[in-house]
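Hi,

Here is the structure I promised to pass on.

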Amino acid sequence: MRLAYQPPYDWAAMVGFLSMRAIAGLETVTDGVYRRSISVGGRHGWISVAPGAGDWLEVGVDFPDTAALPEIERRLRRMFDLDGQPLDINAQLASDPLMATLVAARPGLRVPGTWDGLELAIRAVLGQQIMVVAAIRLAGKLVAQYGQPLATPHAGITHVFPTPEVLAAADLATLGMPKARGRTLSGVAQALLDDPELFAPKASLKEGVARLVALPGIGDWTAQYIAMRQLREADAFASGDIGLINALAALEGEPVSAKQLLVRAEAWRPLRAYAAQHLWTSLQRGD
């Protein structure tokens, strides 16, 4: 597939974000090419995604059912934010002087999405109150223990992500996490079984977050993160995120509280998710 987008597109930032969060056994990033296993309708395969020679991404798909290609394309467009309008987004954010500087440095920055809602929710819960590296290590253990093995020609891609049926019945605390967090993970999987539309976009950000925080163990940070990357809510904003707090403090040269960050972010509505991505990326660049 060639998946077109409106330029510019910051592939380096996108693939850098995904690389830092790549789950062992499920996905890899090698020489700027993103690869992963995928599941659609109970069948499995894998994809590779790389920048094209023009304003598109080159996507390779190996999947046993060609009828699934439209769904695969739909998910990839959301995952890589290919329908974003960077010129409009940048113009709105640039009304704030801080964002104007960040936008000028990364005019093609996108908000990374996800292949699957349950997978992202599991990642988000695993990341509660621990570092990204530790969360990804736990996710790798979860995939190795509960994911279905998959033979692929790509080194490092060995499993598909576990199904909600498997996770709902598992004692995930055995992976090495607090029992309460293990129950939250299983509870999220069961909630998806009870409501297959759990991770589908809602009528508003408020409604989407409210549905998620109603689940045991899901707080505002986790709900906003899921809304940002899975529900594709452009104004989602995890105000308590330590990375966002640290990024704003570094850029403005003084300490910042979560409350101050939330107040500051009012200037970035209705595109706070893109503002957040700029803040996270500024930390990686050392701005």
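Below is what turned up, starting with the domains and then going through the charged pairs.

A word on ground rules: this is a predicted model, where local features need pLDDT of at least 70 and side-chain atom pairs count only at pLDDT 80 or more, while totals for chains, interfaces and linings use all residues. Residues are numbered from 1 along each chain as its sequence is written, and side-chain values use heavy atoms, with hydrogens and water left out.

UniProt (unreviewed entry) puts "domain: DNA-3-methyladenine glycosylase AlkA N-terminal" at residues 1–116. That stretch is 33% helix and 27% strand, and its end C-alpha atoms sit 20 Å apart. UniProt positions follow the numbering used here, feature names are shortened, and annotations may be inferred rather than shown by experiment. Helices (H or I, at least four residues) and strands (E, at least two) are DSSP runs, numbered from the N terminus.

**Glu27.** This residue is in strand β2 (residues 27–30). Glu27 is buried, at 5% relative accessible area (buried is under 20%, exposed over 50%, partly exposed in between, with a 1.4 Å probe and protein chains only). Its side chain has a polar contact of 2.3 Å with that of Arg123, and also reaches the backbone nitrogen of Ile23 at 3.0 Å. (A polar contact is a pair of N or O atoms within 3.5 Å; within protein, one must be able to donate a hydrogen and the other to accept it, and residues adjacent in sequence count only if both atoms are side-chain atoms.) Glu27 also belongs to a salt-bridge network with Arg36, Glu119 and Arg123.

**Salt bridges.** The whole structure has 15 of them, counting a side-chain nitrogen of Lys or Arg within 4 Å of a carboxyl oxygen of Asp or Glu. Glu71 takes part in two that I'd look at: one with Arg74, at 2.9 Å between the closest N and O atoms, and one with Arg75, at 2.9 Å, N to O. Because Arg75 and Glu71 are four residues apart in helix α2, about one helical turn separates them. Arg75 is buried at 16%, whereas Arg74 is partly exposed at 41%.

Asp96 and Arg264 form another, with the closest N and O atoms 2.7 Å apart. This pair links distant parts of the chain, 168 residues apart. Asp96 is buried at 6%, and Arg264 is partly exposed at 21%.

Cheers
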